[in-house]
Amino acid sequence: MWQSLLILAFTAAAFACDSCYGPQDHVVRTRNVYPLAPGQGKLAKRMQPDAQNASYGPSRGPLAWGELNVIHTTDTHGWLEGHILEKNYGADWGDFVSFTKAMRNKADMYGVDMLIVDTGDLHDGAGLSDATSPNGVLSNPIFDNIDYDLLTIGNHELYVSSVAYEHFYNFSRVWGEKYLTSNVQILNQTSNEFQYIGRKYRYFTTPNGLRIMAFGFLFDFTGNSNVSRVYPAATVVQQSWFKAAVAGYPDNCETQVPIDIFVMLGHNPVRWNDSESTFQTYYNAIRTAQPNTPIQVFGGHSHIRDFAVYDEMTTALESGRYCETAGWFSMAGLKSSNYTGATLPAGVPHPTQHAISSNRTNDPNATNVGASLTYSRRYLDWNKVTFEYHATGSQNASAFDYYKGLQVTKNITATRTELHLNQILGCAPQTWCISCAPYGSSENIYSGLVPEALVGGVVNASRATNPRFLVVNSGGIRFDLVQGPFSIDDSYIVSPFADIFVYIPAVPYSVASQLLNLLNTNSAFNGKRKRDLSEDIHSRNLQTSDFSFEPIRRDDCQSPHPDQLLGKRAVASAIKRQSIALTPGYTTTDDLGSDGDDTLHSHIANYVDSIPAFIGANASLTSSLTATSPVDLIFIDYIDSDVLPALALLGATYTMSDIQYYINSSFSTNTYLNVYAQKAWSANITNCPVGVGVGGDAGT
């Protein structure tokens with residue numbers, strides 16, 4: 001059934017604007033209806049059947065509403081079912097559909113504008129997206145049920161050619177002018193020429209008259225397959241189309257169009273001092289050409305909650321990862337002769353903070369455009385309690401759930417069943433985290449679980465008695481493993497990449513025993529952290545209180561005092577800090593302060609700096625081994641370009657022809673945890689307790 005979803009032919013669409021004011025809503029939505037499985041006609045009441053719900057809700061009262069309001073998602077990585085075993089993030093995509101519909105209705109009622117935007121990376125993270133070939137062929141149609149206004153592409157859409165073409169042939173057709181890939185092109189297999197996967201920009205007018213020029217920029221990514229091109233930021237800002245669009249001359253427009261605000265999407269960290277961020281280049285180009293026009297930035301890729309101030313009329317929001325966070329942004333004070341909506345909607349809080357970073361001297365009383373602008377941001381935990389509270393002011397499901405949202409929830413359940421993702425393989429006896437405990441401890445996943453799982457799960461029966469060393473890269477582990485039922489889906493969540501286990505037989509013991517240490521201590525290898533572990537560290541803590549250009553520790557912060565977190569704007573309906581036991585979770589500080597997290601949590605420790613680039617294990621070693629004793633050296637094909645030169649440095653020269661499959665051509669990093677779980681965790685499957693979650697029950 002689902003294989004037919006991949007369209008095999010593509011007819012290029014004309015990308016020029018229909019008029020000087022651009023097309024408004026000419027989006028052909030051909031893929032947003034996903035049929036229910038046979039016998040699945042009854043609608044689910046809430047979330048996924050096996051999901052946990054939050055024990056308490058928002059702590060800071062209603063959201064602030066301004067003239068322009070935005071819901072932001074990023075780096076969802078296929079987590080559309082939500083976090084089944086984590087209470088803070090248990091809502092699924094159907095719940096988010098109901099939430100966004102309710103918020104749209106609120107915006108209409110208040111007479112203000114609201115956008116919904118996404119900044120890329122839709123797979124490589126959970127089974128719903130990764131258990132199909134190509135990735136995303138079933139999860140993307142579920143994702144499409146949100147009425148997004150603007151979207152952009154992530155680097156995980158470009159690693160594999162078949163995934164890139166799925167986005168070109170299908171995803172870009174669904175979203176039309178709303179899908180912005182301003183610096184990303186793909187080879188059209190029909191014309192044999194490169195063209196943009198989506199649109200270069202979108203110029204449009206909101207229902208209440210705001211005139212927006214929007215772009216979507218991927219950072220200067222170089223790990224894409226050869227069917228796509230990513231133009232560096234320094235190149236893009238010199239291209240004629242970009243200069244014309246920034247100046248207010250979109251394609252086919254000879255007269256200048258008015259721009260009330262630039263919206264810059266990017267799968268791109270919002271902090272300029274992040275080595276991968278290219279936002280500063282684009283900001284400088286726009287600000288030089290348009291010194292008095294506000295710019296609003298929405299970023300991603302670094303998997304953090306953050307809000308950065310660039311100048312008094314430019315801010316940037318980043319909204320986490322993995323369906324843990326829904327970002328909320330609002331601003332007031334926009335100066336537009338065309339705006340017909342409410343300036344300050346009645347009956348709700350309004351944005352009150354000026355864009356002043358702690359190391360800047362912007363004067364909110366100055367007579368410039370930025371003086372009138374005020375901002376608000378909130379990071380919403382991804383659970384149904386939060387969504388219901390902000391949508392309806394209560395936890396009344398009958399008032400919250402929309403039919404479409406319930407249908408999407410049921411479709412997710414049916415799809416997970418079809419892909420066998422909810423098949424339970426074992427009962428994980430504790431939580432192992434990526435960074436909430438130091439490497440070397442039994443609670444850290446790299447030291448407490450991976451070595452044991454490698455030894456127990458990666459076994460060639462015909463060679464099981466041979467001494468063996470195993471090496472994998474830490475970047476292949478993407479997430480924590482939470483205490484509770486371990487399903488096939490969890491194997492994708494923890495280790496989504498299908499890196500094949502290979503080996504070199506008869507490597508001298510003296511060489512194999514030194515390999516791991518060399519990989520982790522030689523700068524030629526240990527700086528790589530394959531697939532960028534920095535994206536995947538436990539990023540639920542953040543302190544970036546200024547915009548300094550010193551390196552920041554993304555996930556290292558102190559938990560602020562509860563009184564500071566609540567602030568003066570907390571209202572009576574907010575959950576009171578002293579009456580609840582806080583669960584571990586996000587404690588964020590950004591350029592606007594420490595009041596951005598919608599729900600209060602206790603601090604989660606962070607030990608990411610202790611994690612090595614490569615993880616090893618060994619088995620069947622005996623005291624009789626000598627320096628020349630032959631051993632099996634097992635590793636994954638993804639790191640062969642590291643292993644071979646490292647062996648050469650140790651005096652052992654091997655080539656690709658010496659590498660063989662250890663078990664078979666399909667046994668991978670996405671397989672061994674399943675094998676291990678069935679061996680080691682077979683007890684208590686029918687009565688498996690779920691732990692508190694990361695930071696709350698590691699080691700218990």
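## A buried cysteine to start

Cysteine 436 counts as buried because its relative accessibility is 12%. Buried here means under 20% relative accessible area, exposed means over 50%, and partly exposed lies in between (1.4 Å probe, protein chains only).

This is a predicted model: local features need pLDDT of at least 70, side-chain atom pairs count only at pLDDT 80 or more, and totals for chains, interfaces and linings use all residues. Residues are numbered from 1 along each chain as its sequence is written, and side-chain values use heavy atoms, with hydrogens and water left out.

## The disulfides

A disulfide is a covalent bond between the sulfur atoms of two cysteines. The working cut-off is a pair of cysteine sulfur atoms within 2.5 Å. By this rule there are two disulfides. With the bonded cysteines numbered in sequence order, the pairing reads 1-4, 2-3.

Cysteine 436 is bonded to cysteine 433, S to S 2.0 Å. This link is left-handed, with -95° about the S-S bond. Cysteine 433 is buried too, because its relative accessibility is 0%.

The other bond joins cysteine 427 and cysteine 688, with sulfur atoms 2.1 Å apart. It links distant parts of the chain: cysteine 427 sits in strand E16 (residues 424–428), cysteine 688 in the segment after helix H18 (672–680), 261 residues apart. Helices (H or I, at least four residues) and strands (E, at least two) are DSSP runs, numbered from the N terminus. The link of cysteine 427 and cysteine 688 is right-handed, with 85° about the S-S bond. Both cysteine 427 and cysteine 688 are buried.

## Two further cysteines

Cysteine 253 counts as buried, at 7% relative accessibility. Cysteine 323 is buried as well, with a relative accessible area of 2%.

## The sheet and its helices

Six strands form an open, mixed sheet in the order E4-E3-E2-E1-E14-E15. Strands pair if DSSP finds at least two bridges between them. Strand E4 (179–180) and strand E15 (374–381) are the edges, each pairing on one side only. Strand E2 (residues 113–118) runs parallel to strand E3 (residues 150–152), over two bridges. Aspartate 118 has leucine 151 in E3 as its bridge partner.

Helix H1 (residues 93–110) packs on the sheet. H1 touches strand E1 (68–73), E2, strand E14 (325–332) and E15. Contact means heavy atoms within 4.5 Å. The direction of H1 makes about 155° with that of E2. Axes are lines fitted to C-alpha atoms, for helices over the stretch in contact, and angles run from 0 to 180 degrees between N-to-C directions. Helix H8 (residues 384–392) lies across E14 and E15, at about 140° to E15.
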